[in-house]
Amino acid sequence: MRIAFVTLGCKVNQYETENLMELFLSDGFDVVDPREEADVYVVNSCTVTSSGDKKSRQILRRLKKQNPVAKVALTGCFPQAFPDAAVKIPEADIITGSYNRQGLLQAVKKALATGERVIDITPHQSKERFEGMRVKGLRGRTRAYIKIEDGCERYCSYCIIPTARGPIRSKPLEDIRAELIGLVQNGYQEVVLVGINLSSYGKDLGLRLLDAVKLACSIEGLKRVRLGSLEPELLSDEDLTEMAKLPHFCPQFHLSLQSGCDKTLKAMNRHYDCAEYRRIVDKIREVFENPSITTDVMVGFPGETEEDFEQSVAFAGEIGLAKAHVFAYSRREGTVAARRSDQVPNFLKEERSRRMIEVTNRTRETFLRSQIGRVEEVLLETTRDHLGYEGFTKNYTPVSVDCDSALCGTVINVKITAVLGDRCVGVLI
């Protein structure tokens with residue numbers, strides 16, 4: 001029996017798809033590319049934006065057209081957040097949510113055995129526990145992701161994720177240790193700790209994110225530990241100081257900004273202001289050598305005036321970001337922001353996106369140029385072009401190195417000599 005997977009969205013979704021692949025493989029399925037003919041296709045959906053829902057629908061239609069006799073499954077955040085809408089999609093023969101990922105196997109087997117449509121969307125519970133998952137690696141990637149937290153209780157006014165993902169729950173430390181040891185045994189030298197609200201790790205267990213970081217950095221054979229996206233105000237000065245003492249910790253901080261205007265941050269129901277964000281960035285630069293600060297920036301939030309936007313773009317330029325993902329606000333049904341009457345016109349959102357990207361591209365170039373002359377450890381990937389193989393430093397600077405393919409997947413010392421486009425170029429030391 002052949003099964004194929006399509007993944008939309010975040011690193012957590014990628015991790016969960018890998019877990020599902022391993023689950024189906026252990027049950028005798030063959031995992032194939034979604035472009036190939038399969039008996040079952042699985043779409044692991046994202047519902048952060050309405051365009052994500054649209055993309056899921058388009059993929060479902062394409063897969064059903066590709067092989068009309070195959071069973072097509074829709075799983076993940078979209079059906080969990082909007083079950084009524086998901087059930088109305090005719091191409092979806094199997095529909096499950098994000099509450100019980102591993103229940104997908106039985107749902108698929110039932111649909112194959114009976115030929116009936118299977119719908120199994122379990123609502124999140126207030127005191128549910130972390131769903132046990134473990135992966136052996138991540139296909140085609142040099143670094144592995146390990147999901148250590150699920151759920152969010154922040155309720156930003158634009159975000160549906162608390163509905164899609166439920167309350168905060170955390171992976172026990174002993175389970176993290178076992179999974180990390182397995183990843184090292186499978187040849188991984190770098191892991192990325194990920195979660196839906198990673199900064200809240202341990203809230204339900206009487207632990208903190210720092211505990212998971214210290215554990216990961218103590219695993220023999222693991223050379224790098226990196227963090228996924230973080231809520232900035234949940235990082236204390238003590239946490240940062242302790243992390244800076246860990247030799248294997250990577251000083252790349254993806255601190256979600258969203259806006260550089262205090263008025264907009266308050267309307268978003270974010271839990272910090274620009275002054276606090278700046279203080280945290282200053283602390284990171286004080287205790288870490290050569291860190292990078294990356295972020296997400298939203299433009300065109302309801303009620304955002306030209307003055308508000310100017311404040312935001314000025315702050316983004318001032319803070320010296322190494323990289324920013326700039327995106328326009330997308331109205332998300334079921335959120336507070338979607339009900340506001342002061343929506344920003346699309347043409348303004350497009351213009352503001354362009355202007356914000358121009359500014360953050362300049363800070364990106366400034367950061368990359370600051371790396372010239374440095375000797376850094378680079379984890380070499382398997383991607384090659386005319387400049388050589390690409391790899392990443394501990395602060396996640398992309399560097400191309402002309403070297404032997406035998407070095408792929410290893411950590412090498414590289415002297416950074418130039419910037420070309422959106423990356424640096426270096427020579428092997």
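This is a predicted model: local features need pLDDT of at least 70, side-chain atom pairs count only at pLDDT 80 or more; totals for chains, interfaces and linings use all residues.
## Helices H1 and H5

Helix H1 spans residues 11–26, and helix H5 spans residues 104–114. Their axes come within 10 Å. The crossing angle is roughly 50°. Angles under 35 degrees count as roughly parallel and 65 to 115 as roughly perpendicular; H1 and H5 are therefore oblique to each other. Their crossing is right-handed.

On the H1 side, the contact uses Leu20, Leu23 and Phe24. On the H5 side, it uses Leu104, Leu105 and Val108. By class, this contact has 6 nonpolar residues, with no polar and no charged ones.

## Helices H7 and H8

Helix H7 covers residues 173–185, and helix H8 covers residues 209–217. The two pack with their axes 10 Å apart, at an angle of about 30°. Angles under 35 degrees count as roughly parallel, so H7 is roughly parallel to H8. The crossing of H7 and H8 is right-handed.

H7 contributes Leu173, Ile176, Arg177 and Leu180 to the contact. H8 contributes Asp211, Ala212, Leu215 and Ala216. The contact of H7 with H8 has 6 nonpolar and 2 charged residues, and no polar ones. Arg177 of H7 and Asp211 of H8 both belong to this contact, and both residue types count as charged.

## Helices H11 and H12

Helix H11 runs over residues 274–287, and helix H12 over residues 306–319. Their axes come within 11 Å and cross at roughly 10°. That makes H11 roughly parallel to H12.

From H11, the contact takes Cys274, Tyr277, Arg278, Val281 and Arg285. From H12, it takes Phe315, Glu318 and Ile319.

## The cavity

The model has 1 cavity of 30 Å³ or more. The largest cavity holds about 50 Å³ of space.

Its lining includes Gln80, Asp120 and Thr122. Thr96, Gly97, Ser98, Tyr99 and Asn100 also line the largest cavity, as do Gly103 and Leu104. By class, the lining has 2 nonpolar, 7 polar and 1 charged residues.

Terms used
Residues are numbered from 1 along each chain as its sequence is written. Side-chain values use heavy atoms; hydrogens and water are left out. Axes are lines fitted to C-alpha atoms, for helices over the stretch in contact, and angles run from 0 to 180 degrees between N-to-C directions. Helices (H or I, at least four residues) and strands (E, at least two) are DSSP runs, numbered from the N terminus. Angles under 35 degrees count as roughly parallel, over 145 as roughly antiparallel, 65 to 115 as roughly perpendicular and the rest as oblique. A crossing is left-handed if the near helix is turned anticlockwise from the far one by less than a right angle, and right-handed if clockwise. Contact means heavy atoms within 4.5 Å. On a 1 Å grid over the protein atoms alone, a cavity is a set of points where a 1.4 Å probe fits but cannot get out, and a pocket is an open set with protein on both sides within 12 Å along at least five of seven lines; lining residues have an atom within 4 Å of a point. Grid points are joined across faces, edges and corners, and a volume is the space filled by probe spheres set on the points.
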